[in-house]
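Hello,

Here is the structure I promised to pass on to you. Please have a look at it first, and then read my notes below.

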Amino acid sequence: MTKYIFVTGGVVSGLGKGIAAASIGLILKNLGLKVVNQKFDPYLNIDPGTMNPIQHGEVFVTDDGAETDLDLGHYERFTDTSLSQSSNTTAGRVYLTVLNMEREGKFHGGTVQVIPNITEEIKRRMLLSTKETNADVIITEIGGTIGDIESLPFVEAIRQIKYEVGEENCCYIHLTLVPYIATANELKTKPTQHSVKELHELGIIPNIIMLRTEHPIDDQTREKLANFCNVDPAHIIQNLNARSIYEVPLQLEKEGLGKAVCTALGIKKGPADLSEWIRVVERFNNPTQSIKIALVGKYVALHDAYLSVVESLIHGGIENLASIDIDWVSSEDLTDDEATENRLKDADAVIVPGGFGGRGIEGMINTAKYCRTHNVPYFGICLGMQIVCIEYARNVLGFADANSTEMEPKTTHPVIDLMPDQNGKILGGTLRLGKFECSVAPGTKTEQAYGTKTIWERHRHRYEFNNVYREDFKKGGLIIAGVNPERDLVEIVEVPNHQWMVGVQFHPEFKSRPNKAGPLFREFVKAACENKKNRN
């Protein structure tokens with residue numbers, strides 16, 4: 001029988017439910033269990049695909065093309081599992097499904113209500129992963145905070161599930177804040193008590209309470225919360241601030257989280273073998289060198305907009321025993337060659353990640369020019385790859401007005417153009433999404449990185465390299481390092497006679513892992529390290 005874990009949050013948002021859920025997945029997987037994580041968000045958007053990165057953070061993409069919440073990136077990176085469309089559900093998607101069923105007459109004229117119709121659809125989606133994956137444990141994170149009105153149908157759904165799957169197969173974990181009042185030198189448990197009381201009123205008694213805190217929880221505080229919240233003291237788990245997110249699973253396991261979960265679910269397993277994860281943490285905490293990488297983008301006001309890119313750079317650092325110092329650079333500030341050089345001259349390497357729209361594009365083009373002419377390692381992802389092509393067309397091929405039709409529809413040299421089958425479509429869900437094959441050219445830096453001639457990487461974009469100009473680029477020296485064989489689409493370009501300047505149309509950051517960095521991130525960080533040595 002599949003076991004089900006539900007993770008809820010209380011007191012305030014932003015406590016790290018996603019990291020907690022991912023850590024639980026990591027611990028249980030290393031007990032020998034097959035684990036699948038999923039996220040249920042209470043907002044009414046169909047998915048995060050059209051949401052502003054400054055407000056919501058990055059959109060994480062799965063192999064099968066789901067545009068999902070960024071927490072799925074944590075799940076995949078911690079458990080080294082590829083998730084799917086069923087792994088992220090929003091209230092908007094739930095309501096749309098139910099309303100479409102009503103329009104199709106599937107309720108036979110009956111009244112459509114939150115209970116039972118919306119909650120039944122939520123439960124159906126929560127249990128879908130069981131059928132698809134045959135997992136031993138399904139871990140479901142409920143977005144938002146207990147008490148939010150939009151979360152109530154989800155909370156009611158997870159209350160009902162216990163009686164459908166059996167109490168012995170259901171575990172509720174509630175993550176709350178225990179604030180520290182410096183003037184009183186005291187940890188305050190009242191917010192947690194109130195949050196658990198509200199959870200009780202909604203019909204859910206948590207099996208485990210996880211306490212997010214800046215200061216260690218003493219035994220007296222633990223006993224007090226156990227009494228007030230009707231929880232075994234051994235199931236009061238401290239979630240203390242860590243030096244990095246990679247240490248969180250180790251701290252939680254030391255606190256007894258794995259044992260508490262196994263006790264609640266009747267799982268008879270020994271301690272988790274986290275030796276590989278310990279090795280990752282040790283390499284992260286003990287770098288032998290430090291490098292500065294400038295991240296040039298248009299959403300740098302919110303670092304979570306590039307979360308997977310940042311994590312992948314760190315993974316590359318772990319493999320190269322390098323500490324990564326990220327210099328966040330707004331592309332709008334790079335107004336000309338002088339401003340660009342002054343801003344980027346201290347960087348050991350530069351990365352330009354994905355994005356949409358015309359704002360800040362000229363600054364990115366100036367960035368690519370600076371890196372090409374100054375032999376600075378450059379990694380362009382999605383839009384960053386298109387920027388390489390535009391800059392090369394302008395300043396090497398001599399096409400002065402070369403551009404993407406996304407930025408300038410009237411350009412006479414549209415080296416980046418809209419895919420023909422995208423014309424006239426609405427925005428949501430119409431990008432080239434998910435995993436696609438790429439044939440890698442022999443003798444390229446990309447082949448050296450991957451060690452194979454065929455790779456599969458995830459995509460999220462609408463505009464493509466314009467094949468009309470492929471021969472012009474080849475004659476001008478640009479290396480076409482990778483092509484999608486199904487549609488003959490250029491996926492990878494490399495600038496010749498350069499220590500490391502690579503642009504990829506896909507998003508390799510989505511498949512990078514702490515214990516196995518994405519090959520291009522590993523080699524990019526290596527090039528940055530070598531560049532620093534050469535400069536010194």
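Setting aside neighbours within four places in sequence, Ala 528 is in contact (heavy atoms within 4.5 Å) with Ile 291, Asp 348, Ala 349 and Pro 377. Before going on, please note that this is a predicted model, in which local features need pLDDT of at least 70, side-chain atom pairs count only at pLDDT 80 or more, and totals for chains, interfaces and linings use all residues. Residues are numbered from 1 along each chain as its sequence is written, and side-chain values use heavy atoms, with hydrogens and water left out.

Ala 528 sits in helix H18; helices (H or I, at least four residues) and strands (E, at least two) are DSSP runs, numbered from the N terminus. Its relative accessible area is 0%, so Ala 528 is buried; buried means under 20% relative accessible area, exposed over 50%, and partly exposed in between, with a 1.4 Å probe and protein chains only.

Helix H18 covers residues 519-535. Its 17 residues should span 24 Å at 1.5 Å a residue, where the expected span is 1.5 Å times one less than the number of residues. The end C-alpha atoms of H18 are 24 Å apart, which agrees. Among the buried residues of H18 are Leu 520, Phe 521, Glu 523, Phe 524 and Asn 531.

**The chain as a whole**

The protein chain has 18 helices and 23 strands. Its radius of gyration is 25 Å, close to the 24 Å that the globule rule gives for 536 residues, so the chain is as compact as a globular protein of that length. That radius is taken over C-alpha atoms, and the rule is 2.2 Å times the number of residues to the power 0.38. The C-alpha trace spans about 75 × 65 × 45 Å along its principal axes. Of the 536 residues, 58% count as buried. Among contacts between residues at least 6 apart in sequence, 73% join residues at least 24 apart.

**Strands and sheets**

E16 and E17 (residues 414-418) run parallel and are joined by 2 bridges, with Ser 404 opposite Ile 416 in E17.

Strand E21 (residues 479-484) is mostly covered, with 5 of its 6 residues buried. E21 pairs with E22 (residues 489-494) in the antiparallel sense over 5 bridges, and strand E18 (residues 432-440) is joined to E21 by 2 bridges, also antiparallel. Val 483 in E21 stands opposite Ser 439, and its bridge partner in E22 is Val 490.

**Backbone details**

Most residues other than glycine have a negative phi, and most peptide bonds are trans. The hairpin of E21 and E22 has 4 residues between the strands, and there Asp 488 takes a positive phi near 55 degrees. Asp 488 counts as partly exposed, at 38% relative accessibility. Asn 375 also has a positive phi, of about 55 degrees, although it is not a glycine. Asn 375 is in the loop between helix H14 (361-374) and strand E15 (378-381). A cis peptide bond joins Ile 115 and Pro 116, with omega about 15 degrees, and Pro 116 is in helix H5 (residues 114-133).

**Cysteines**

How many disulfides does the structure hold? It holds 0, counting a disulfide as a pair of cysteine sulfur atoms within 2.5 Å. For Cys 229, the nearest cysteine sulfur is that of Cys 171, 15 Å away. Cys 229 is buried, at 1% relative accessible area. For Cys 382, the nearest is that of Cys 389, 12 Å away, and Cys 382 is buried too, at 4% relative accessibility.

Best wishes

Methods: Pairing = 2+ DSSP bridges.
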